[in-house]
Amino acid sequence: HLGLKAAKIKNKSFDNDYFKRLIIDYIKEYGKAERADLFTLIGKMLPDYMSERQRYDKLTNLLSSLKRKRQLNYDGKFWKLVK
């Protein structure tokens with residue numbers, strides 16, 4: 001139980017806003033990003049209990065949220081910052 005509690009606390013520090021900032025910072029740095037780039041960026045930081053599919057879905061939800069907030073655009077290949 002102790003290991004599970006420690007993992008829960010560790011994962012709490014990585015909230016959605018943290019991952020969104022990472023995504024935005026990455027795109028600011030490189031000008032654009034493919035989904036695979038962003039998955040590589042955050043995939044390993046997501047909780048260990050998540051399956052590969054859940055990690056992929058999490059990234060989709062983060063990108064959708066940033067798009068709805070008009071912070072990112074998707075052109076069919078790359079994610080870019082809204083100018």
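Entry 1. I looked up F19 and found it buried, because its relative accessible area is 2% (buried means under 20%, exposed over 50% and partly exposed in between, with a 1.4 Å probe and protein chains only). I note that this is a predicted model, in which local features need pLDDT of at least 70 and side-chain atom pairs count only at pLDDT 80 or more, while totals for chains, interfaces and linings use all residues. Residues are numbered from 1 along each chain as its sequence is written, and side-chain values use heavy atoms, with hydrogens and water left out.

Entry 2. I then asked how many aromatic pairs the structure holds, and the count is 4. Rings of Phe, Tyr and Trp (its six-membered ring) pair if their centres lie within 6.5 Å, and planes under 30 degrees apart count as stacked, over 60 as edge-to-face and the rest as tilted. One of the pairs is Y18 with F19, which is edge-to-face at 5.6 Å centre to centre, with 70° between the planes. Y18 counts as partly exposed, because its relative accessibility is 24%.

Entry 3. Another pair is F39 with Y56, which is tilted, at 6.3 Å centre to centre and 50° between the planes. This pair links distant parts of the chain, since F39 lies in helix α3 (residues 35-42) and Y56 in helix α4 (residues 52-68), 17 residues apart; helices here are DSSP runs of H or I with at least four residues, numbered from the N terminus. F39 is buried at 18% relative accessible area, whereas Y56 is partly exposed at 34%.

Entry 4. I next looked at how α3 and α4 pack, and found an angle of about 115° with axes 10 Å apart (axes are lines fitted to C-alpha atoms over the stretch in contact, and angles run from 0 to 180 degrees between N-to-C directions). The two helices are therefore roughly perpendicular (angles under 35 degrees count as roughly parallel, over 145 as roughly antiparallel, 65 to 115 as roughly perpendicular and the rest as oblique). The contact, meaning heavy atoms within 4.5 Å, includes F39 of α3 and Y56 of α4.

Entry 5. Last, I checked helix α2 (residues 16-30) against α3, where the angle is about 130° and the axes are 10 Å apart, so α2 and α3 are oblique to each other. F19 of α2 is among the residues that make this contact, as are L38 and I42 of α3.
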